[in-house]
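Here is a short briefing on how side chains pack and where they surface. Please have your viewer open while you read.

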Amino acid sequence: MIFFRKTLPVLFLAFLLSVAVRVPELGRPLSKHHEFCTAVSLRILQIWYDNGISKYDYEPVMTYGLPADKFINNDANASGKMLDEAGNYYYVSHPPFAYYFPYAIFKLLHIRPNVLYLQILNLLFHFLTAVFVYFTVCLLSFNRARSYLHFPSFVAYSVYLFLPATLWFQGNVYMSDMAVHLPFVIGVYTVLKMVLRQKFYVPKYIFLYAAILFVMIYTSWLGVFLAFGVLAYSLLHVRDIKGFRVLIWITVIVSFFTLNLITYQYAIIAGQEAYLHEIINRYLMRGSVGVRHQGFLHFVLSYFLLFKDLLYNYLVNYLPVYLLIGGFVWVGVTKAKLKIVFSENGYRFIWLSILPVVLMHLFFLNYSSHDFTVLYASLFFSVLLGILYDKVKKSGVFSDRAINGLVLLTIVILIGQFYVINLPGNKSITGAQYDREMKIGKAIKTQAGNDEVVFMSSKPTPQMVLYAGRNIKEVRSKEEASAFLKERKMTKGAYFDLPSGNDQLTKQTISIP
């Protein structure tokens with residue numbers, strides 16, 4: 001095929017350039033900008049790898065294997081109820097597929113999960129996602145992706161590769177929140193292809209959509225919102241196109257099955273009531289109804305601040321793209337006299353790529369204040385830019401050199417943005433050492449005995465826990481630590497004091513007669 005001989009090498013070369021941009025960031029100690037997510041994922045993967053996944057009934061466990069590590073939550077769950085009788089806590093905020101897949105890869109290759117290997121897998125996800133961005137523009141442009149390189153699609157592909165959000169969150173940071181983006185992009189492409197080319201009854205597309213929807217819902221909750229978007233659009237158009245019945249049935253059956261599977265699986269840990277309690281607690285923390293407020297004015301202010309954070313994150317991650325899109329629209333309307341009107345297929349793409357993201361922001365407003373949620377809009381912005389590039393280029397207003405220069409300049413600015421947001425080197429822009437949490441964690445690992453329960457005077461971060469390879473109980477005093485030991489019927493504890501603004505740990509041994 002021409003695609004594999006001619007096009008794929010060009011796409012892969014551009015991807016390698018994006019990897020080169022990230023080389024200073026890869027494999028270094030976990031520290032900044034949501035890298036605690038990678039630490040949480042690695043904790044689950046390493047515990048499974050070291051002790052066996054079946055020991056924990058294939059559940060995402062967050063408690064290490066030593067008796068001294070039991071009954072210590074360490075951010076595993078909000079309610080504190082998702083633990084088994086042995087004292088193992090479990091992370092159930094997301095479905096488990098984002099942990100199953102890398103675990104299977106590492107197990108197959110006989111490689112113990114670590115930071116760099118997980119980041120390499122995430123880079124592969126970045127490449128595959130970008131390829132489907134390329135395919136999507138080809139599809140909307142009625143250009144065969146399997147033919148020679150389609151340059152507007154390549155523009156969308158290249159911009160997607162170098163967005164600050166994709167460079168970071170499909171590189172350094174791995175968790176369900178990021179892993180779901182790949183099946184989301186594939187899912188949008190698959191549904192578009194079924195609709196645009198009337199392939200509702202083709203078995204391979206039926207299977208592909210069902211499989212992708214299952215994987216997406218079984219990875220993170222964005223899958224539920226895509227399912228809703230597909231279902232809503234299908235119901236609105238099923239009278240005109242009977243093929244939408246296929247999408248309706250697949251969406252309903254797969255969604256119902258997957259959600260019930262998740263509920264059944266997580267209820268095994270501590271019962272359905274405990275799982276329901278945890279889900280409610282997590283939604284109150286991350287949703288749009290759990291904002292704490294005192295009076296109407298505080299209520300309004302709380303929501304305003306959350307929306308402000310969300311808008312700020314979109315501005316920081318996409319500003320050069322907004323400017324280029326705005327420039328293309330302005331030139332198209334004022335100079336080329338183009339009518340910037342989307343076709344029916346364009347509206348279908350907007351519906352499928354934007355509605356799930358908007359719904360997620362509305363239902364999970366607190367959660368959406370985390371800047372990794374802007375990753376999901378990268379599909380829409382990249383594809384839109386590729387389509388507008390094609391229209392403006394065909395108008396002849398700009399020479400090829402000028403319009404390609406604008407795109408290249410935008411990519412250079414995006415790379416600069418990435419380095420400003422994620423400063424390379426050993427220190428953050430505030431002067432914090434990137435290896436601080438690794439050093440603290442390794443010091444704890446060296447100094448704490450396997451028969452000692454580990455205590456800390458301040459809250460341990462997920463990175464500290466990962467590098468220590470131990471669960472760490474936060475306590476306010478040695479007396480509180482002693483009380484925990486007595487309750488657990490343990491006799492030894494290691495109390496680590498970490499004064500505010502000081503990286504020097506001091507250890508005190510606690511013994512219970």
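Contact here means heavy atoms within 4.5 Å. With that in hand, I444 touches V454, M456, A468, I472, F496 and L505, leaving aside its neighbours within four places in sequence. This is a predicted model, where local features need pLDDT of at least 70, side-chain atom pairs count only at pLDDT 80 or more, and totals for chains, interfaces and linings use all residues. Residues are numbered from 1 along each chain as its sequence is written, and side-chain values use heavy atoms, with hydrogens and water left out.

**Nonpolar cores**

- A nonpolar core is a set of buried Ala, Val, Leu, Ile, Met, Phe, Trp, Tyr and Cys residues joined through side-chain atoms within 4.5 Å; buried means under 20% relative accessible area, exposed over 50%, and partly exposed in between (1.4 Å probe, protein chains only).
- The largest such core holds 161 residues, and I444 is among those with the most contacts inside it, along with W48, Y157, V159, F184, L247 and F328.
- Helix α4 (residues 115-140) supplies the largest share of this core, 16 residues; helices are DSSP runs (H or I, at least four residues), numbered from the N terminus.
- Another core, of twelve residues, lies apart from it and includes L485, M490, Y495 and I512.

**A buried serine**

- S382 sits in helix α16 (residues 378-395) and counts as buried because its relative accessibility is 1%.
- Beyond its neighbours within four places in sequence, S382 is in contact with V133, A156, Y160 and L163.

**A partly exposed valine**

- V358 is found in helix α14, and counts as partly exposed because its relative accessibility is 38%.

Methods. Helices (H or I, at least four residues) and strands (E, at least two) are DSSP runs, numbered from the N terminus.
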